[in-house]
Amino acid sequence: IFAEYCKKTLGIPETNISLVKDATANNMKREVRWLTQILQQYNGEAKAIVYYAGHGIPDESTKDAYLLPVDGYGDDPSTGYSLNELYKTLNEVPSKSTLVFLDACFSGANRDGSMLASARGVAIKAKPTAPIGNMVVFSAAQGDETAYPYKDKGHGLFTYYFLKKLQETKGDVTLGELSEYITDQVGKQSIVINRKSQTPNVSVSSSLQEDWKKMKIQ
């Protein structure tokens, strides 16, 4: 659905959009490599958007966060894709901006609140992974929270309100406005629907601390 929004709402050419469903670890790495090759060719004149919907897991010993591919194991972070590696790889090439949207949590929890990864059966608070360069990261939940679904709408709560704001504004929205809207709506609906807190979060690199709210997704 987000790929369709990129094309129809944000006006991104279809040839510039790559969609991978049920991504393996190698799929993830190959797509990121393709994206960095494009950014390299445009020598800092291109913008990049990375959107991920799925599971995240923590390393229980280091508290580092990982994306969990379909061929990964929830109790083995070495089979995942490190957020540190993702951010480092994306930052190795120049861009006007790199926006990362993660509809995932990194506590080891499933979307239904059951445990996916933790051998102890409890949610783990993963270490924050700091973006670098011209990077802004929107995450669906903080700390040891779960990224819940919005079952009636067929999306994660985070994705539903993300897309809703894009639709209402036709993509003409600042990142500050987008952040305020998603945080407010997800927080309210999660308490009402799931009786649990879910607090979306925005992380930015040190170089963008003063400017990110004025940036636009388009």
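Keep in mind that the model is predicted. The largest nonpolar core has 32 residues, and another core of 24 residues lies apart from it.

**The cores**
- In the largest nonpolar core, the residues that touch the most other members are V136, F138, L166 and I217.
- Two or more residues each come from helix 1 (2-8), strand 5 (97-103), strand 6 (135-139), helix 4 (157-169) and helix 5.
- Skip the neighbours within four places in sequence, and L166 is in contact with F2, Y5, T9, L10, G171, V173 and I217.
- The separate core of 24 residues has V32, Y52, Y81 and Y87 among its members.

- V192 counts as exposed because its relative accessibility is 61%, and the cut-off for exposed is over 50%.

**The loop residue I12**
- You'll find I12 in the loop between helix 1 and helix 2 (25-42).
- With 24% relative accessibility, I12 counts as partly exposed, since that class runs between the 20% and 50% cut-offs.
- Leaving out neighbours within four places in sequence, I12 is in contact with C6, K7, I17 and I49.
- I12 and G108 are 96 residues apart along the chain, and 34 Å separates their C-alpha atoms.

Note on methods:
Residues numbered from 1 in each chain as written. Predicted model: local features only at pLDDT ≥ 70, side-chain atom pairs only at ≥ 80, totals over all residues. Heavy atoms only, no water. Buried < 20%, exposed > 50% of the residue type's maximum accessible area, 1.4 Å probe, protein only. Core = buried A, V, L, I, M, F, W, Y, C linked by side-chain atoms within 4.5 Å. Helix = DSSP H or I, 4+ residues; strand = E, 2+ residues; numbered from the N terminus. Contact = heavy atoms within 4.5 Å.
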